Amino acid sequence: MAETHDGAPHLLVIPFPAQGHMLPLFDLAHLLARRGVAVTVAVSSGNLPLLSPLLSKSPSIQPLSLPLSHPSLAPGLENAKDMAPTYFGILMLALASLHGPLVSWARAHPRPVCAVVFDFFVGWAQPLAAELGVPGFVFSPSGVLGTAVIHSLFLRVPKRPESEGEGEDYLVPFPSIPNSPSYPLSKLSRLFRSYKEGDPLSESVRRNFLWNLESHGFVANSFEALEAAYLERPLDDLARKRVWAVGPLVAAAAEAGAADHRGGPSSVPAAEVSAWLDRSGAVFVWAARGGTEVPEGFDKRVGGRGLVLRGWAPQVAILAHAAVGWFVTHCGWNSLVEAASAGVAMLTWPMTADQHVNARLLVEEAGVALPACDGGLAAVPDPHELARTLAEAVRGERGRAVRDRAKELGRKAVEAVREGGSSYRALEEFVQELHNLNAKNN
């Protein structure tokens, strides 16, 4: 599909600088550029190198690099991967300082923007879009359910019980979400659990989410076969806005021939890992991210039974390999949809953010996962329970049924992004929306 931008709608895209947020939004930017949309991606200067894989596959996309300086951030600290989760709110606040420079850029640009697409952690971009007189669209790197839950929390601010011993185990109800789920407070987003009424940083974070609800709508990295219950009608907790479910974006990128090198260079080439899987008959591959403490001598002890990858792993290529039967995941949405697209069953080990919500979706609703551990960041699973779960997954009837459902979900994920599929149609409708907005402006 040829990229042409003469008279095309011009879209300003503003990502949040975290891997799980940037990767799918870059996939979306690539797919929009292939459909003739002129795209400018704005990043802080320190994050400009992360655009390289996107620009190499979509050279028509224009980068916009802006300096970021904020008293709450150390110089050079501009990406979530370099900081503890407790800094996410500070990073959200710091990025809002780009509002003024972005307005100045847009007003001086020879081609006016017709809309702004921004990550749901970048809600300050909605008043920016309003200042420019164009609609804002929220990009959700999470599922529709997870997006509704976090917005519900900051919209309704459910009160914690005052009685002792009940706080973190208190069940927070979500009566406006289909199936009326409830979750223990301890299993919900740290951003909300750390919210303090009247605290300037807390109120800034809340305001960001409320701004999202003033947008023109949401573009979600999800698909009907996985989240039909949350796409059948507008959700109150998303201000009844339209949701364009255009995912899994990793599958759409693969269909477009652009799934390689997502997230930057891998610590080990994908072909090398694939060749190892072809011949090993090994039990596991462990991707140990930077800073993970691998027990001393572990590599030698496991011998030919496993492979430890340190640093960024070629996860998409590994999941696509026929030898991979199960994926132990923290239930981050990006990893979840990568596994779903590959038809791989999952063992859930949620930690924080939306991950407990996602885990329940996988286990109880989609039936494509088994729970491995549910205790959060500080949890250490009981080894006997974990061994039983692994045995059930690999050899049990329940595990076989889960694998079958995962394969079926994988087929539906690929069908969704192919021509005529639900996500393909949603993306085409979103592009048409941009063309309509562009026509109004011209």
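Predicted model: local features only at pLDDT ≥ 70, side-chain atom pairs only at ≥ 80, totals over all residues.
## Domains and cores

The chain is divided into two parts, of which domain 1 covers residues 10–261 together with 419–441, while domain 2 covers residues 270–414. The centres of the two domains, taken over C-alpha atoms, lie 26 Å apart, and the contact between them takes 30 residues from domain 1 and 24 residues from domain 2.

The core draws on both parts of the chain, since at least three of its residues come from each of domain 1 and domain 2.

When residues up to four places away in sequence are not counted, tryptophan 124 touches Ile14, Met92, Leu95, Ala96, Leu98, His99, Leu102, Asn208 and Trp211.

Helix 4 spans residues 99–108, and within it His99, Leu102, Val103, Trp105 and Ala106 are buried. Seen down the axis of helix 4, these buried residues fall within an arc of 165°, and therefore they line one face of the helix. The face turned away from this buried side carries the exposed residues Arg107 and Ala108. What covers the buried residues of helix 4 includes strand 1 (10–14), strand 2 (38–44) and strand 3 (62–66), as well as helix 3 (88–95) and helix 5 (125–132).

Helix 18 has 20 residues, numbered 422–441, and at 1.5 Å a residue it should span 28 Å; the C-alpha atoms at its ends are 29 Å apart, which agrees with that expectation. The buried residues of helix 18 are Ser422, Ser423, Tyr424, Ala426, Leu427, Phe430, Val431, Leu434, Leu437 and Asn438.

## Cysteines

How many disulfides does the model contain? The count comes to zero when a disulfide is taken as a pair of cysteine sulfur atoms within 2.5 Å. For cysteine 373, the nearest cysteine sulfur is that of cysteine 331, 11 Å away, and cysteine 373 is in no disulfide. Cysteine 373 is buried, with a relative accessible area of 10%, and cysteine 114 is also buried, with a relative accessible area of 1%.

## Selected residues

| Residue | Relative accessibility | Class |
|---|---|---|
| Asparagine 79 | 3% | buried |
| Threonine 389 | 13% | buried |
| Alanine 353 | 34% | partly exposed |
| Serine 180 | 47% | partly exposed |

Asparagine 79 is found in the loop between strand 3 and helix 3. Leaving out residues up to four places away in sequence, asparagine 79 touches Pro17, Ala18, Met22, Asn47, Leu50 and Leu91. Asparagine 79 and leucine 91 are 12 residues apart in sequence, and their C-alpha atoms are 8.1 Å apart in space. Threonine 389, by contrast, has its place in a helix, namely helix 16 (residues 383–395), and, with its neighbours within four places in sequence left aside, threonine 389 is in contact with Leu347, Pro371 and Ala372.

Which residues other than glycine have a positive phi? One of them is serine 180, whose phi is about 45°, and alanine 353 is another, with a phi near 55°. Serine 180 is found in the loop between strand 6 (171–173) and strand 7 (182–184), whereas alanine 353 lies in the loop between strand 13 (345–348) and helix 15 (355–366).

A further feature of the backbone is the cis peptide bond that joins glycine 247 and proline 248, with omega at about -5°. Proline 248 is found in the loop between strand 9 (243–245) and helix 10 (249–255).

Technical notes. Residues numbered from 1 in each chain as written. Heavy atoms only, no water. Helix = DSSP H or I, 4+ residues; strand = E, 2+ residues; numbered from the N terminus. Expected span 1.5 Å × (residues − 1). Buried < 20%, exposed > 50% of the residue type's maximum accessible area, 1.4 Å probe, protein only. Domains from an automatic or database assignment. Contact = heavy atoms within 4.5 Å. Arc of directions from axis to C-beta.
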